[in-house]
Structure formats: C-alpha cells, structure tokens
Amino acid sequence: MGMTGIEIYKLLPQTNCGDCGVPTCLAFAMKLAAGQAELAKCPHVSETSREKLDSASAPPVMPVSIGAFKTGGETVLFRHEKTFVNPTGIAVLVTDAMPDADVDSRLKAFADLRYDRVGMLLAADLVAVKSTGGDAAVFGNLVAKVSGAVDAGLILMSDSADVLAAGLAHAADRKPLLYAATKANADAVAKLALDSKCPVAVKGANMDEVIELTQKLSGMGIKEIVIDSGSRSMKKAFEDQIAIRRAAIKSAFRPLGYPTIAFPCEMADNFMEETLIASTMVAKYAGIVVLSDLRGEGLFPLLVQRMNIFTDPQRPMATEQGIYPINNPDENAPVMVTTNFSLTYFIVSGEIEGSRVPAWLLVMDCEGLSVLTAWAAGKFVGDAIGAFVKKSGITDKIKHRSIVIPGYSAAISGDLEEQLPDWKITIGPREAAHIPAFLKQYQA
Amino acid sequence: MAFETPKVNYSGTIREITLGTGPKAVTVGGSTSYPFHLFEGTMPHPPRIAMEVLDHRPEDWPEAAIAPFAEVLDNPAAWAKKNVDEYGADMIALQMASIDPNGLNRSAREAADVAKKVIAAVDVPVILWGVANHEKDTEVLRILAEECEGKNLALGPIEEGDYKQIGAGALAYKHVAVASSPIDVNLAKQLNILLGNLGVPADKILVDPTTGPLGYGLEYTYSVMERDRMAALTQEDEKLQYPLICNVGSEVWKTKEAKIAAADDPKLGDAKERGILLESITAMSLLISGADILIMRHPESVKLIRKMIKNLME
C-alpha cells in the first residue's frame with residue numbers, strides 16, 4: 001500500500017526463482033502492489049527489505065485483536081468507496097461499584113440478546129470491566145466472574161497498572177484490552193501490555209497528548225493500540241473521530257493510525273440518548289462503543305444499523321433460496337414467489353406475516369436482485385421460475401397447484417404457464433403493502 | 001507542533017430554501033461543509049424536523065405511534081395543531097395516504113379539502129406528500145397548488161413521471177418542489193435539471209433521495225446522500241446543491257420490527273422505546289449523511305433528535 005510495483009521490485013531479490021509461485025520478481029511485485037499476494041510467499045527477501053515493505057504495506061488504521069474480536073484495519077473514509085472492514089464493537093460496562101444483580105443482569109443480557117438476521121448473527125462483542133475503587137482484589141474477583149460467565153472480548157479499565165495486573169491475572173488468556181495508558185501511568189501500563197502481549201488503550205486529555213502517548217508506546221515496541229481522545233461531549237467526540245480517521249487515511253499519520261474507543265455511557269443523560277450517540281459513533285468511525293446497559297429495544301436497532309453501515313456497498317444482500325412457511329401454512333395455503341434480495345424478502349415476508357394469512361413463500365435465488373431488476377436481467381423469468389418451482393419441493397407440501405407472482409412481473413405469466421401447465425398462475429399486487437388485502441380475498 | 005485536523009477543501013455551498021411565509025417560515029440549507037463538520041465550515045441553518053399528520057385515521061399503526069395522537073386521529077387539522085402547540089413542531093408534513101387508488105381512493109377534491117383545513121389550522125410551513133401515484137398526486141397537488149397560492153408549501157414527491165404536471169403547479173403558484181428519485185445520485189441530478197428546464201427557480205427545490213429505513217435499505221440512502229453532498233460541496237456540482245429531505249416516519253413505522261409486540265419477541269425489548277429508537281436511529285444516520293429536513297412521526301423521537309442536533313451544534 002502506498003508503494004508502486006516498481007518500488008517494491010527494487011527491494012526484492014530480483015532472481016526470478018519462482019519460489020513464490022509467480023514466475024518473475026517483477027510480476028510478484030505487481031501482485032504485492034495490488035494487494036493480491038503476501039510478502040511471506042517470498043522465502044528469500046532480506047530482513048531490511050522485509051521491514052521496509054512491512055511498514056509500507058501496513059494498513060493506515062492498525063488492526064487490533066482483543067481475544068477473538070477484531071477492530072481497526074480500515075482503509076477509507078466513506079463506505080461507498082470500499083466496504084468498511086471491522087464492524088464497531090459493542091461493549092457493555094460493568095463496575096465494581098455495581099450491585100451484583102446489576103452485573104448479573106448485564107452478563108445475562110450479553111449472553112441472551114442475540115439476533116439472527118439475513119443469516120448473520122447480531123450480538124454485542126465485549127464486556128468492559130471497570131475498577132472504580134482501585135481495590136486490586138475486588139477488581140480481580142469481578143474480572144474472574146465476568147470471564148467465567150461470558151465468552152466475550154474483555155476490556156479491563158483502571159488508572160492503576162497494579163489493579164489492571166490483578167484483573168489480567170484472571171483473564172490473561174483472553175488477551176483483554178488494557179484501558180488505559182495515560183500521561184501519569186504510561187510506563188507502568190505499557191510494561192504490563194508488553195509483558196502480557198495484550199493490546200492497550202491510550203487516553204489523552206486532547207489530541208496532542210494522544211499523539212505523544214501513541215508515539216511513546218509504539219517506540220517501546222507496542223503495535224496494538226486503541227485511542228480514547230478523552231472527549232465526552234458529542235460535538236467534540238464526533239470531531240475527534242473524523243480528525244483521527246482523516247489523519248490516518250488522508251495524511252498516513254502513523255501516531256493516529258489506530259482504532260478508537262468511545263464512551264456513550266459517559267456522554268448521555270439517559271438510555272435513549274446514549275443509544276443515539278452510539279449510533280453516531282458507529283457511523284462515524286468508532287472502533288468500539290461502550291454502553292451502560294444492553295436492552296433489546298436499543299441494542300437491536302443499533303446492531304441493525306451497524307450491519308447496514310458495514311455491509312459491502314457494491315453487493316446487494318441476499319436471502320437463502322428456499323421455501324419459507326409463514327403463519328403455519330397447511331396443504332391448502334397459497335403459494336407466493338419472489339426473489340432473494342434481502343429487502344424484498346423482508347418486506348414481502350413481513351406483509352404476509354402481518355396479514356395473519358398462512359402462506360408459503362418461495363424465495364428464488366436471483367443473485368440478490370429485486371423483482372424488477374431480476375426480471376430486467378433475465379433471471380426472474382418464466383423458464384427460470386418454472387424450473388425453480390418444480391425442483392423446490394413445494395408440491396410435496398400442498399394439494400393445490402396455484403401460485404402468485406409479483407405484480408411487477410405480470411409480463412412473464414404466459415411463459416410461466418408454458419413451464420407449469422398444470423398450475424394456475426395469478427398476478428399478485430405490485431406493492432408489498434397491498435399483499436394483506438390481496439391475501440384476504442385470494443383462494444389458492 | 002500542535003496537531004491540526006486535515007481539512008477538506010470545499011468549493012460549493014448548499015442553497016438556502018425557505019418554506020412557508022411570515023414569522024414561522026423555515027429556511028434550510030446554506031451549509032458550506034459536510035454535516036456538523038463545524039471545525040471546517042458552517043451550518044447557518046441546522047436541520048429541521050417536520051412532524052407527520054395522516055389525512056385519514058391510521059389503520060395499521062402500532063399502539064406506540066397511535067397513543068400520542070389518540071384524540072385527534074380522526075381530525076387531521078386538530079392533529080396538525082396538536083403537533084405545533086403541544087409537541088413544538090417546526091413544520092407539518094401531511095401524508096395524503098387517503099388518495100391511494102389501492103387503498104381508500106378518496107377523490108382529489110375531498111382530499112384537497114382536508115389538506116386545506118390542515119394548512120389553515122397552523123401557522124408553520126406545510127409539506128404535502130402524495131402516494132407516488134402520478135395521476136392521483138398530480139390531480140390533488142394541482143388543486144392545492146392553485147387554491148393555496150402564496151402559502152409557499154412544499155409539494156412532493158415529484159418524480160420523473162409527473163414532474164411536468166406537479167412542477168408546473170409549483171412554478172405557477174410559487175411553491176417548493178420536492179424532487180424525488182430512487183436512491184441514485186445521477187437520477188437526482190437529472191430530475192433537478194428537468195425541473196430547472198421547466199422554469200422552477202433554484203431556490204424552490206428540495207431533493208428527496210428516497211428513504212430506506214433501518215434494516216430496509218438505510219445504507220443505500222446513507223451512501224447516496226454522502227455522495228450527493230460530496231458532489232455538491234467538493235466538486236461544485238451545482239445541480240446537486242439543494243437541501244435534502246427524508247421521509248423517515250412512515251418508512252420506519254411500517255416495518256415489521258416497529259410493529260412486533262414485546263410479548264411476541266421478548267428479545268426485542270419494550271415495543272414503544274424500540275419503535276422510537278428505530279425511528280430516531282434512522283433519523284440520526286441520515287442527519288450525519290446530510291439531511292436538512294426530516295419528516296418524523298413520534299413526538300419522543302422528535303424530541304430526541306432535536307437534542308442530538310443541539311448537541312452536535314453546540
């Protein structure tokens with residue numbers, strides 16, 4: 001990244017040995033420049049060249065692992081340019097000042113609040129465990145409890161390296177994020193991070209202090225760093241997020257080339273406002289957001305927003321092809337067919353569900369295109385739908401032979417009749433919103 | 001050396017558009033930078049919210065959305081007045097859903113009479129929103145454009161298929177045209193050009209990029225709006241330098257997730273707060289991608305979003 005193929009070529013052995021699987025060093029260099037090969041494939045590159053190439057090819061925002069959770073690695077400012085890489089981590093805060101019941105309810109919510117959507121699992125990722133009293137033993141016990149209860153990435157929070165060490169003793173194998181190295185404790189916390197090989201967060205009073213801290217830590221050999229810019233007003237936190245991402249990507253400014261952590265839990269008066277601040281931070285660049293609690297009415301919308309923001313902007317979302325029973329249909333229930341664009345599926349299935357009429361929905365793989373687009377692309381047409389209906393297995397589930405096609409694909413009904421001669425083809429409504437009214441008067 | 005945020009070079013400004021007349025008129029637009037990027041530009045008119053009124057009694061709204069309007073659901077004019085007096089609405093957006101040929105199919109005359117009562121009941125600007133049926137929208141909006149001359153209403157959604165008819169009404173009687181295109185920067189630009197060619201003045205156009213609610217296409221609207229602002233502000237694309245309006249409320253509250261009772265899926269939590277957050281997270285996302293006007297439904301969502309705008313401005 002940042003280097004041309006020719007520049008990379010100059011650092012390679014130039015022997016054209018082919019051991020990397022590419023015939024010439026120049027061709028290999030071109031592949032490296034395009035991000036299509038890894039330097040590790042070349043067994044002969046010198047140590048000095050490797051260092052130069054590694055630092056040149058490091059992503060502008062350093063990737064950081066906290067246990068199984070990954071953050072950073074971003075390469076763009078706007079999602080339409082290229083897919084954002086690692087979805088913002090959602091963390092819930094527990095502290096040693098909380099009554100046990102509050103800690104337990106948060107851990108239970110962390111474990112329970114999981115949602116399946118478009119075949120993806122949506123859930124919170126991390127638990128932030130905070131020492132408020134500075135008592136190492138109390139903190140150690142809390143960390144032990146949390147790490148025993150949930151399989152989460154962990155953030156250990158204290159101003160004191162000794163307290164952090166006490167917590168770490170109960171969770172070292174989870175590689176928790178140590179929060180935070182500040183101007184006052186940077187040496188001690190940095191040493192703990194180096195010894196334990198754990199990622200570490202820096203917290204500065206302002207951007208200059210943040211830069212000082214990351215430079216100090218990276219100078220000590222620490223690679224995995226997370227930034228807290230210290231701002232707790234929404235306006236300043238928003239500006240900081242933009243400043244940090246721009247500095248990393250537009251200016252390739254190393255000291256700010258790290259993922260960030262934001263604390264909506266310290267920025268709002270109530271749960272609703274906190275959730276909205278978190279949603280702003282999800283869209284604008286936070287690597288992790290720490291929430292005061294996990295409640296379905298807030299977590300679910302936030303997770304869906306996160307999924308929306310971090311999806312591939314090029315590729316439409318797709319639902320799996322198949323037969324979807326809605327409202328417990330029986331052998332006389334109507335059969336409707338549509339394409340597998342996720343939004344189409346969601347809206348159509350939602351309307352059928354809302355109608356309370358039992359029905360079978362056939363979702364046909366059209367590469368994630370909507371009805372009109374798929375029809376225009378020649379994918380949602382008579383012979384394709386006919387073949388799909390025949391092999392879908394729907395005939396094992398119903399007695400009748402009637403099928404409803406979307407109103408927008410009325411033009412294909414003739415072709416479909418040829419493909420399905422024993423079937424009655426009915427043209428349904430154009431808009432999904434009119435499905436309930438349609439189903440109420442329709443007889444399969 | 002102190003750190004300085006790398007700045008964007010802006011070369012364009014969003015046009016200022018005024019809706020309504022008199023002391024309660026609302027001006028939007030005027031931004032010289034990306035939304036809320038106040039460290040490198042100005043937003044002389046922070047985004048505003050228009051509160052929704054339906055022109056007939058809603059049938060499929062969840063309880064949470066019905067409750068705040070319980071006693072005015074049959075009276076759109078009283079509903080509008082309640083939104084202004086009680087919930088502090090800056091503007092009213094009248095959803096003329098009753099004209100839908102696939103629904104109530106109310107006559108244009110009848111619907112226009114209801115709309116006129118709403119317009120008469122409030123002193124804030126009114127946005128009239130049809131059902132995206134070209135014939136029906138044209139019929140109703142033509143009547144209203146003529147009979148409400150000088151009110152400086154906003155008329156929408158105006159699409160490529162009916163821009164001549166509705167645009168002509170806006171032009172002749174001095175209303176604002178809401179140019180609506182299906183989530184595409186180039187189509188948005190094209191429609192703005194067509195309206196310009198028709199003679200609609202540049203200070204009488206708002207752009208509706210088409211709103212995908214949370215979970216149902218939000219990301220498409222979000223990115224189209226970011227690209228739109230990018231073209232308008234950094235590439236001097238004059239034909240995109242219009243304020244953006246997003247029809248949030250009705251799109252969000254018709255989704256399945258906004259309607260499910262808490263008892264039917266306990267993991268989704270409290271139904272009322274969930275609905276409010278679905279609406280306000282959609283609104284929040286669109287604010288930071290460039291919305292100048294948000295059409296919203298629930299008074300609590302409106303209150304939350306007002307607070308967030310204030311937080312980001314101050």
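Me: Among contacts in chain A between residues at least 6 apart in sequence, what share join residues at least 24 apart?
Reply: The share is 67%. A contact here means that the C-beta atoms of two residues, placed from the backbone, lie within 7 Å. This is a predicted model, where local features need pLDDT of at least 70, side-chain atom pairs count only at pLDDT 80 or more, and totals for chains, interfaces and linings use all residues. Residues are numbered from 1 along each chain as its sequence is written, while chains are lettered from A and ligands numbered from 1 in the order in which they are written.

Me: How many helices and strands does chain A have?
Reply: Chain A has 16 helices and 17 strands. These are DSSP runs numbered from the N terminus: helices are H or I with at least four residues, strands are E with at least two.

Me: And what percentage of chain A is buried?
Reply: Of its 444 residues, 48% are buried. Buried means 20 or more other C-beta atoms within 10 Å of the residue's own, exposed means 12 or fewer, and partly exposed is in between, with C-beta atoms placed from the backbone.

Me: What comes just after helix 12 of chain A?
Reply: A:Arg356, with a positive phi of about 65 degrees.

Me: Chain B came up. How many residues of chain A are in contact with chain B?
Reply: 46 residues of chain A contact 39 residues of chain B. Helix 11 of chain A gives the most to the chain A side, with 10 residues. By class, that side has 22 nonpolar, 12 polar and 12 charged residues. Ala, Val, Leu, Ile, Met, Phe, Trp, Tyr, Cys and Pro count as nonpolar, Asp, Glu, Lys and Arg as charged, and the others, Gly among them, as polar.

Me: Different topic. At what angle do helix 5 and helix 6 of chain A cross?
Reply: Helix 5 (residues 136-149) and helix 6 (residues 161-168) of chain A cross at roughly 35 degrees, and their axes come within 7 Å. Axes are lines fitted to C-alpha atoms, for helices over the stretch in contact, with angles running from 0 to 180 degrees between N-to-C directions. In helix 5 of chain A, the residues that meet helix 6 of chain A include A:Ala136, A:Phe139 and A:Val143.

Me: How do helix 6 and helix 7 of chain A pack?
Reply: They pack at about 25 degrees with their axes 9 Å apart. They are therefore roughly parallel, since angles under 35 degrees count as such, over 145 as roughly antiparallel, 65 to 115 as roughly perpendicular and the rest as oblique. The contact is made by A:Ala161, A:Leu164, A:Ala165 and A:Leu168 of helix 6 and A:Ala188, A:Val189, A:Leu192 and A:Ser196 of helix 7.

Me: Last one: is A:Ile90 buried or exposed?
Reply: A:Ile90 is buried, with 22 other C-beta atoms within 10 Å. A:Ile90 lies in strand 3 (residues 89-95) of chain A. Not counting residues up to four places away in sequence, A:Ile90 touches A:Ala124, A:Asp125, A:Val289, A:Leu291 and A:Leu302.
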